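Thanks for making the time this morning. I would like to walk through a few residues with you and then turn to the packing around them.

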Amino acid sequence: MNNLEFAIKMQGRTMDFAVAAVKFFVKLPKTDEARVAGRQLLRAGTSVGANYRAVCRSKSDADFISKMGTVVEEADESAFWLDLLEKSGVCTRAAVQPLRKEAEELLRIFSTSLATAKQNAGR
């Protein structure tokens with residue numbers, strides 16, 4: 001898979017993640033604690049895809065590294081809010097598991113990409 005094919009695949013995958021975050025948020029209980037953590041998840045989860053699109057339009061190695069760093073942060077934050085929703089008892093483990101699994105996979109992929117970009121920029 002070349003870089004363009006990878007970028008297209010990841011744009012689709014991050015869009016799917018954003019849609020799943022929106023659908024997850026809609027199903028949350030209508031309580032204050034669910035709304036607060038849910039909105040944070042909604043913001044972070046949708047931001048992964050939006051910021052990845054920006055990565056694909058980066059103008060330099062430094063721009064790519066900076067924007068990819070934001071994607072990594074948002075994916076990690078998404079996983080945090082999902083963990084909080086589960087551990088606080090707002091959601092069950094089964095409810096958060098599919099979205100958490102994807103957040104963690106995206107985090108691993110983008111963290112590896114960021115590390116590679118940093119290594120290549122140092123050459």
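Thr-14 is buried, with a relative accessible area of 1%, where buried stands for under 20% relative accessible area, exposed for over 50% and partly exposed for what lies in between, computed with a 1.4 Å probe on protein chains only. This is a predicted model, in which local features need pLDDT of at least 70 and side-chain atom pairs count only at pLDDT 80 or more, while totals for chains, interfaces and linings use all residues. Residues are numbered from 1 along each chain as its sequence is written, and side-chain values use heavy atoms, with hydrogens and water left out.

Thr-14 lies in helix α1, helices being DSSP runs of H or I with at least four residues, numbered from the N terminus. Setting aside residues up to four places away in sequence, Thr-14 touches Val-48, Gly-49, Tyr-52, Leu-106 and Phe-110, contact meaning heavy atoms within 4.5 Å.

Arg-13 also lies in α1, which spans residues 3–27, and Arg-13 is buried as well, at 19% relative accessible area.

Now to the core. The largest nonpolar core has 30 residues, and Phe-24, Tyr-52 and Phe-110 have the most contacts inside it; such a core is a set of buried Ala, Val, Leu, Ile, Met, Phe, Trp, Tyr and Cys residues joined through side-chain atoms within 4.5 Å. At least two residues of this core come from each of α1, α2 (32–56), α3 (61–87) and α4 (93–121), and α3 gives the most, with 9 residues.
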